[in-house]
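Take a look at the model below.

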Amino acid sequence: TAKRNRYIISVYLQSRFFSMAILNQLSELLRDQQQQIDQWFAEQFSNYPALFYNSVDIRHSGYKLAPVDTNIFPAGFNNLSAQAVTKAQAASKEFFQDNFPDVKNILLIPESHTRNLHYLDNISILCDILSSSGITVKLGGLNIDENIEVVSANSRKLYIEKIHQENKQVITDSGFVAQLIIINNDMTAGRPEILENITQPVIPPIGLGWYYRKINLHFEAYNKVARQFAQQFGFDPFLISTEIEFCQNINFKDKTGIECIALGVDKILNRLRKKYAELAIEQKPYVFIKANRGTYGMGVMSVASAEEVFNINKKERNKMNIIKNSTANEEVLIQEGVKTIDELDGAPVEPYVYMINSKIAGTILRSNKNRDSEKSLNA
């Protein structure tokens, strides 16, 4: 390991195109220690409850390959290839065998925006993934007054039942009693009372909903693990993580708390300038300012200086002030910007990785021809 580290340092110093050399050398180092890496992750996962599904946005800049967002209630499974769906089904079966071997009936709780036909395709594919394990899957809607039938973009009919609580169990209008409830609703609007104090297990736990979960806490936890992983295997955690700051009590409409954001931007940019100089990265650093609770592509902007924060125009402030479900954006994460060097047909793209049972099922590329390589492509 010491020899490899010395070699990496020599690459830093000798090559003006060190960025790709670093990632190539890192890939080689990780491949050489694949068995130790697998063992390390197995030990880490053994300490925590299993997570059925999640998805991760990744940005690849040439000198860095880092996650920039993680979704605990992922949509978009309809974008996966047939091969990826097959992998997801296998991982799903393994998850239930290991964690819920006796479960045969599942209630899936989707988002309320049933007018989004592509989201409904996502739900139909999720049903296919779950039912492939021999499980019966029904859909239950939060805050609906009657059963509804909807048709997805791919012309699949979905029947969403109203639900109620009885004897500490959630039951559908037709009398279906699930042994397990899976949520595909990010709960930005709040904690669902109907899922409180019930005997049925709920995954992911409702405490991970956006009404409570904070992005800054997620990345603080992620960066801690990234540092441990990098130290264990002998590389710079800069390669797989991002710098962050956090501000609260923000009101973009009347500019309350803007000073905190500007200060956070300055702190990150100063740290990045120092790191870029150390690694001879010839690029101007920038940051993203993100709503600290969920996005759906909302409440996100990028700046390259503290001055830009003070000069945000009224239109941009209004866009940053409100997020999903007309929720006020009162907290923000300030995060190191990672430029994407990946392109498809001349448009910037970023990998979006889907996971089942902590295993990669498949990866899609999010493309946006109306955005440049430094901007958020989730729009």
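## A buried arginine

R317 is buried, at a relative accessible area of 14% (buried means under 20%, exposed over 50%, partly exposed in between, with a 1.4 Å probe and protein chains only). This is a predicted model, in which local features need pLDDT of at least 70, side-chain atom pairs count only at pLDDT 80 or more, and totals for chains, interfaces and linings use all residues. Residues are numbered from 1 along each chain as its sequence is written, and side-chain values use heavy atoms, with hydrogens and water left out.

R317 sits in helix α9, residues 314-321 (helices are DSSP runs of H or I with at least four residues, strands are E runs of at least two, and both are numbered from the N terminus). R317 touches F252, K253, K255 and I312, leaving aside residues up to four places away in sequence. Contact here means heavy atoms within 4.5 Å. From P101, R317 is 216 residues away in sequence and 50 Å away in space, C-alpha to C-alpha.

## Two helix pairs

Two packed helices are described by the angle between their axes and the distance between the axes. Axes are lines fitted to C-alpha atoms over the stretch in contact, and angles run from 0 to 180 degrees between N-to-C directions.

| Pair | Angle | Axis distance |
|---|---|---|
| α4 and α5 | about 50° | 8 Å |
| α3 and α6 | about 145° | 12 Å |

The crossing of α4 and α5 is right-handed, and so is that of α3 and α6. Right-handed means the near helix is turned clockwise from the far one by less than a right angle.

Which residues of α4 and α5 meet? V85, A88, Q89, S92 and F96 in α4 meet I125, D128, I129 and L130 in α5. In the other pair, Q36, I37, W40 and F41 of α3 touch V225, Q228, F229, Q232 and F233 of α6.

## The nonpolar cores

A nonpolar core is a set of buried Ala, Val, Leu, Ile, Met, Phe, Trp, Tyr and Cys residues joined through side-chain atoms within 4.5 Å. The largest has 37 residues. F235, F238, F252, I261, V265, I289 and V309 have the most contacts inside it. Helix α7 gives the most to this core, with 9 residues. Another core lies apart from it, with 35 residues, including F52, I125, L139 and I356.

F238 touches Y63, K64, L272, K275, Y276, L279, I281 and E336, not counting residues up to four places away in sequence.
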